[in-house]
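Here's a quick tour for anyone opening this one for the first time. Take a look at the sequence and the model, then read on.

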Amino acid sequence: MNHNPVFLALDMPRLDTAEALARKVAGHIGGIKLGLEFFCAHGHHGVHELHKLHLPIFLDLKLHDIPNTVAAAMQAIHVLEPAIVTVHASGGRAMMEDAKAAAGENTKVVGVTVLTSLDDDDLSSTGVPCSSHEQALRLADLAHSAGLDGIVCSGHEIGAVHSQWKDGFFVVPGLRPDNGKNGDQKRTVTPRQARDAGASVLVIGRPISRAEDPLAAARAIEATL
Ligand SMILES: O=c1ccn([C@@H]2O[C@H](COP(=O)(O)O)[C@@H](O)[C@H]2O)c(=O)[nH]1
């Protein structure tokens with residue numbers, strides 16, 4: 001894995017725009033994160049195109065289905081050689097075990113605990129009877145015991161998770177450099193706070209992609225780390 005922990009989230013509908021942005025900031029990021037928006041629009045072809053930048057690719061597909069279906073999806077993306085793939089930890093132990101078994105040996109499989117766009121009230125309205133912090137820790141524990149490489153959580157939980165899973169691989173999105181505009185994100189910290197608390201990968205999208213000057217934004221974030 002590249003030394004720079006920042007993975008740029010390319011959440012945009014056009015392949016040429018995504019490629020141009022990634023090329024522009026390539027020297028100031030450690031990898032590229034492709035999520036549902038990109039993968040649904042451009043599929044395998046889009047991933048092959050971005051591989052031309054020679055940066056690690058994180059496929060943030062957040063797989064969540066019965067174990068057989070998730071394992072088959074993992075096998076189908078094997079050919080794309082992703083460095084990291086996400087599944088939802090709430091899919092359960094068997095699903096995570098089968099996902100890990102089906103993944104390539106150079107692919108880290110990480111479990112999404114509680115989305116950074118959710119707060120305690122959101123969880124409560126879905127029937128989860130505890131705080132986002134408690135739920136993230138519980139799902140981190142389940143992901144660990146199911147043999148995953150790590151988890152996705154917010155910067156608010158990373159310290160606690162890190163202390164109970166020393167060699168885990170921890171992905172933190174919901175990062176806002178200046179604690180400025182959060183958009184749909186509810187559990188945010190700065191990139192530096194996440195890194196100091198033990199994050200392995202910092203996922204950053206709009207603070208770079210929607211900045212007036214994305215290159216300057218990527219450089220400024222890099223300088224804080
Ligand atoms: O809990 C999660 C899991 C994944 N994400 C993804 O990270 C990026 C964040 O984008 P920003 O523009 O920096 O908010 C986005 O692709 C999400 O799908 C997340 O935010 N939270």
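## Around the ligand

Strand 8 (201-204) and helix 9 (206-209) each contribute at least two residues to the shell around the ligand. Helices here are DSSP runs of H or I with at least four residues, strands are runs of E with at least two, and both are numbered from the N terminus. Keep in mind that this is a predicted model, where local features need pLDDT of at least 70 and side-chain atom pairs count only at pLDDT 80 or more, while totals for chains, interfaces and linings use all residues. Residue numbers start from 1 along each chain as its sequence is written.

How many residues surround the ligand? There are 16, and the closest are Ala9, Thr116, Pro173, Gly205 and Arg206. A residue counts as near when its C-beta atom, placed from the backbone, lies within 6 Å of the molecule or strand in question. By type, the shell splits into eight nonpolar, five polar and three charged residues. Nonpolar means Ala, Val, Leu, Ile, Met, Phe, Trp, Tyr, Cys and Pro; charged means Asp, Glu, Lys and Arg; the others, Gly among them, are polar.

## The barrel

Eight strands form a closed barrel in the order 1-2-3-4-5-6-7-8, and their pairing is parallel. From one strand to the next, the twist averages 25°. Two strands pair if DSSP finds at least two bridges between them.

Val110 sits opposite Gly150 in strand 6.

## Helix 1 and its partners

Helix 1 (residues 15-25) and helix 2 (residues 36-51) have axes that come within 10 Å and cross at roughly 50°. That makes helix 1 oblique to helix 2. Axes are lines fitted to C-alpha atoms, for helices over the stretch in contact, and angles run from 0 to 180 degrees between N-to-C directions. Under 35 degrees counts as roughly parallel, over 145 as roughly antiparallel, 65 to 115 as roughly perpendicular, and the rest as oblique. Leu15, Ala18, Glu19 and Ala22 of helix 1 meet Phe38, His42, Gly46, Glu49 and Leu50 of helix 2, with contact meaning C-beta atoms, placed from the backbone, within 7 Å. These residues divide into five nonpolar, two polar and two charged.

Helix 1 also packs against helix 10 (residues 214-224), at an angle of about 45° and with axes 9 Å apart. That makes helix 1 oblique to helix 10. Here Leu21, Lys24 and Val25 in helix 1 meet Pro214, Leu215 and Ala218 in helix 10. The tally for this contact is five nonpolar, no polar and one charged.

## Helices 3 and 4

How do helix 3 (residues 67-77) and helix 4 (residues 93-102) lie, parallel or antiparallel? Their axes come within 8 Å and cross at roughly 20°, which makes helix 3 roughly parallel to helix 4. Helix 3 passes helix 4 in a right-handed crossing.

Key:
Two residues are in contact if their C-beta atoms, placed from the backbone, lie within 7 Å. A crossing is left-handed if the near helix is turned anticlockwise from the far one by less than a right angle, and right-handed if clockwise.
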